[in-house]
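Have the coordinates open as you read.

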Number of protein chains: 2
Amino acid sequence: MSDDFSEKFFQYVDERKGLYIERLAEAVGIPSVSSELDTHLPDIVKMMTWTKEHADRLGAKTTLLPNPAATPERPLPPILLGEFHVDPAKKTVCVYGHLDVQPAKKEDGWDTDPFVLTEKDGKLYGRGSTDDKGPALSWLWVVEAHRELGVELPVNLKILYEGMEEFGSDGLFECIKEEAKEGKFLDDVDFFCISDNYWLGKTKPCLTYGLRGIAYFELQVQGCEQDLHSGVLGGTVHEAMTDVIKLMGTLVDSNGKILVKGVMDDVAPVTPEEEALYDNIEFDMEAYKEESKVSSVSNKLLHPDKKSLLMHRWRYPTLSLHGIEGAFSGPGAKTVIPSRVIGKFSLRLVPDQKAAQIESVVKEHVEAEFAKLGSPNKMSIKMSHGAKAWLSSPNHPNFQAASKATERVHGMPPDLTREGGSIPITSAIEDATGMNVLLLPIGACDDMAHSQNEKYNIPNLTNGIKVLGVYLHEVAKIEGPKPSTCKCVPLTEEELMVPGAFMKGFRCKCEI
Amino acid sequence: MSDDFSEKFFQYVDERKGLYIERLAEAVGIPSVSSELDTHLPDIVKMMTWTKEHADRLGAKTTLLPNPAATPERPLPPILLGEFHVDPAKKTVCVYGHLDVQPAKKEDGWDTDPFVLTEKDGKLYGRGSTDDKGPALSWLWVVEAHRELGVELPVNLKILYEGMEEFGSDGLFECIKEEAKEGKFLDDVDFFCISDNYWLGKTKPCLTYGLRGIAYFELQVQGCEQDLHSGVLGGTVHEAMTDVIKLMGTLVDSNGKILVKGVMDDVAPVTPEEEALYDNIEFDMEAYKEESKVSSVSNKLLHPDKKSLLMHRWRYPTLSLHGIEGAFSGPGAKTVIPSRVIGKFSLRLVPDQKAAQIESVVKEHVEAEFAKLGSPNKMSIKMSHGAKAWLSSPNHPNFQAASKATERVHGMPPDLTREGGSIPITSAIEDATGMNVLLLPIGACDDMAHSQNEKYNIPNLTNGIKVLGVYLHEVAKIEGPKPSTCKCVPLTEEELMVPGAFMKGFRCKCEI
């Protein structure tokens, strides 16, 4: 991007701030909650269509691909594919985003209606504002800016937007495998970029080269066919809650230690190269206590120093107990014996853990613990979704392009970070296409994705659009042939895991 | 009641079946959920007013007494007092009922809208149909029948109806103490009757002379100020769910054994007289498995024989885990670290347990277990309501009157039973007035109070009205002075508890 164009582009974006907020408000107003398909499938479809119409207006060739995992019994939202500008001489960037959101109810403790975007003190409160509607839609506004300023896009841009991310991305993995085949939508993509995670802090941007995976479990116990009165029947039946509580209590201790045998078996050892990376990271323990909202309660974190805390957030597995479905969950008192309860918990996976191995050891553990209880109730456990961790390289040209774009907009180079969360699609894209995936977060660490009062800072909204725009110009400058034309053998998983290898950004033999 | 009048009365009731169902449908249509005052207080008030208007129409002198426990910050529904017919020469019967209901949502697993009374196969499905709108309103229809048949009520009848029973009867205890004072509403009452429990089976009626008490606990753990993303922050904070699950897991085992030290200290020993009572009770273990809805799941009860099962239902304490407030409770997957969670559990208390002693040992236990966890999270535990157990005498004239009325309507004498549930008001009335309280259930054992698909059989509705009507005539025949005029010293709690004493129905020295 020439300095001349970038100045015009930045000014254009700043002037459109109000318009971007209006459009985000429209999008947030569509409650596209993917974990509640029974009621919200039409909202997700509406959100996909709303986005398609904007892309069409901006000159894209779009398709609403029927979800390959949909069945007549379980309809699913389509996947939105689109391409802007097609010039075989140029590099092709594909960006991924999701248009569905986590559940949210005012009574969960939101200060405002979660589905009404509300501006306060330069922040935009609403479910999906930062995760991921705000960032995902920003790509469209980058295209719009180029059109209105009369400047050609420096790369071919493809969009891949789904509506099931918050519930395991049903159908997307099949779609990616299919579209990565020769001659299909993803075959000519040279670089991927995803903006669906967060800065490490509130003010300093970062690029993310590692993510944890996930294994989400549902542990069901049934004692009887329907709920009973605890006074009338208490003392005569084996209660399902007793069992589910006991079982959930065997999984993790109050210091976060996972008690399931075999879970730590495959965790990669820490190498000196990796350990050194942590030294330079800007990270303030006291600020983190504020962000994690513990300062006013216990003011204590699980680990006492920066390095061990970040390692437990990024490169060690964790286990969280999320809740129980089927039991009493309202305020006040209800004297019920719940008949069928489902304990929900998940593990975050790290290199080199595999979801299937975790599923196996968790099942074995829960079954052994259940046998100890001597309960005649019916117990079953299933892994509802699983995805391995992901590790890339901050030295890859794709990351370097993003680093330059960030510095151009923010005046400082980004931190190089990993993340505790999971974006399973990252590994899936790399595995299917062999191309590099960049995680380019534009939201702040305290945006409260998945929580009450999720928000998106107005400066992050405008600066985000600027960074994404400049990034496309930086990608266009990358030297050498289009990576998608390289027919070289990709490195094996083992070769990539050789200490230090991932740091150099190698993805295939020709890069060595 | 003369045979002549009773025949006319029975025929009158049978002919009005449709009208009674219509009125019950109106009442069930008012969602008077007392555990959700924030949204349903107006509905409870509406339900109280609806009932008052019927009582007024039938000639009662009524008062909506402001709830004595209400504050400007926490308004509460009024208490409805009414009196029909006042003749100082006649005995005075006061009946208690409640017009509030348990929470209910279609998605909890109801086959029909819980607040739309739905008739199917001779059963009336709806929240509050049997607990306690159906029975409570029946007294009004008894009065109506007497008026329309031109027969004077054989006793003075008073009604005492509240709207907070399912949430601890806030304000009612103060009201009863106040109204029991000389010259006030309850001072001249000779006999009390409550229809708010259930038969032991589906077809044979019973009278209930014992109830368990309750101690309901809320165990709160807070780890941070608001919910967090388990991927982004998992592994760095002490999670509240881990602690609350661990603590709830220390309370009871999968065989129903209470693990809290000191809970069993005050449980009355089983006497031979009491033990003998169990032998004659009609009770079918296989039918009970059906009723308790375990037959299609494990087909196993906690105890293998009639006597031990009924004892654990009626005269031993139990502990049930009801659920967790503040955690994820919906279907599907949510990757949340809940910030503040409240475990709900309750114990059913038996003679001679006291709620205050139970509160003390439970708190001590939970605090000791929490200390073992080494968690920096904030934990607090409170007993949100507590009530001691109640034990009366099946030989008291009040019970004998009900026994005769039951036999007249059903052609068989009632079983004499105790119950696992709690109706704390029973002891409160006895303690404040010194008069006998009769529990005269008219609903069947499988009515599913507090559960999904609560129902009221149409024969129970009509026969219930008949039994209550005949009961008033039988009370009128009781010989001797009005008990409320006896100024004799009541027996102490210890004297009443002498083995066998309660069987003879002694309440005061003059009865010995």
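Predicted model: local features only at pLDDT ≥ 70, side-chain atom pairs only at ≥ 80, totals over all residues.

Chain A falls into two domains: domain 1 takes in 3-211 + 389-494, and domain 2 takes in 213-268 + 315-385. Their C-alpha centres sit 34 Å apart. Eight residues from domain 1 of chain A and eight residues from domain 2 of chain A make up the contact. Between them, domain 1 of chain A and domain 2 of chain A bury about 640 Å², with 57% of that on carbon and sulfur atoms. On the domain 1 side, A:A389, A:R418 and A:S422 do much of the work: they supply 61% of the area that domain 1 of chain A buries against domain 2 of chain A, more than any other three residues.

What about charge pairing and polar contacts here? By class, the side of domain 1 of chain A that touches domain 2 of chain A has three nonpolar, four polar and one charged residues.

**Where the chains meet**

Now for the interface of chain B and chain A. How much area is buried between chain B and chain A? The figure is about 7,800 Å², and carbon and sulfur atoms give 54% of it. In terms of residues, 94 of chain B are in contact with 94 of chain A. Salt bridges between chain B and chain A number zero, while 55 residue pairs are in polar contact across the interface (both at pLDDT 80 or more).

Several elements of chain B each supply at least two residues of the side that touches chain A, including β9 (213-222), α6 (240-248), α9 (306-314), β13 (340-349) and β14 (378-387). The largest share of that side, eight residues, comes from β11(B). The residues on the chain B side divide into 34 nonpolar, 41 polar and 19 charged.

**Two residues in one loop of chain B**

B:H450 sits in the loop between β17 and β18 of chain B, and this histidine is buried, with a relative accessible area of 5%. Which side chains does B:H450 join in polar contacts? One is A:T335, at 3.0 Å; another is B:Q102, at 3.4 Å. Not counting residues up to four places away in sequence, B:H450 touches A:H229, A:K334, A:T335, B:Q102, B:R127, B:D131 and B:E166.

B:E454 also lies in the loop between β17 (436-439) and β18 (455-457) of chain B. Is B:E454 buried or exposed? B:E454 is buried, because its relative accessible area is 1%, and buried means under 20%. The side chain of B:E454 reaches the backbone nitrogen of B:S129 at 3.3 Å, and a polar atom of that side chain lies 2.9 Å from the backbone nitrogen of B:D131. The C-alpha atoms of B:E454 and B:G128 are separated by 7.4 Å, although the two are 326 residues apart along the chain. Leaving aside neighbours within four places in sequence, the contacts of B:E454 include B:W110, B:Y125, B:T130 and B:M448.

**Salt bridges**

A search of the whole structure finds 54 salt bridges over all chains. Here are three of them.

| Salt bridge | N to O distance |
|---|---|
| A:D188 and A:K158 | 3.0 Å |
| B:K181 and B:E178 | 3.0 Å |
| B:K372 and B:E369 | 3.0 Å |

A:D188 forms its salt bridge with A:K158. The pair links distant parts of the chain, 30 residues apart: A:D188 is in the loop between α5 (172-179) and β7 (191-194) of chain A, and A:K158 is in strand β6 (residues 156-162) of chain A. A:D188 is partly exposed at 33% relative accessible area, whereas A:K158 is buried at 5%.

In the second pair, B:K181 is partly exposed at 45% relative accessibility, and B:E178 is partly exposed at 31%.

B:K372 and B:E369 both lie in helix α10 (residues 355-373) of chain B, three residues apart, about one turn of the helix. B:K372 is exposed, with a relative accessible area of 63%, while B:E369 counts as buried at 17%. Back in chain A, salt bridges that share partners join A:K61, A:E83, A:K158 and A:D188 into one network.

How values were computed
Residues numbered from 1 in each chain as written. Chains lettered and ligands numbered in written order. Heavy atoms only, no water. Domains from an automatic or database assignment. Contact = heavy atoms within 4.5 Å. Buried area = accessible area lost by both parts, 1.4 Å probe. Nonpolar A, V, L, I, M, F, W, Y, C, P; charged D, E, K, R; others polar. Helix = DSSP H or I, 4+ residues; strand = E, 2+ residues; numbered from the N terminus. Buried < 20%, exposed > 50% of the residue type's maximum accessible area, 1.4 Å probe, protein only. Polar contact = N/O pair within 3.5 Å; in protein donor to acceptor, adjacent residues only side chain to side chain. Salt bridge = Lys/Arg side-chain N within 4 Å of Asp/Glu carboxyl O.
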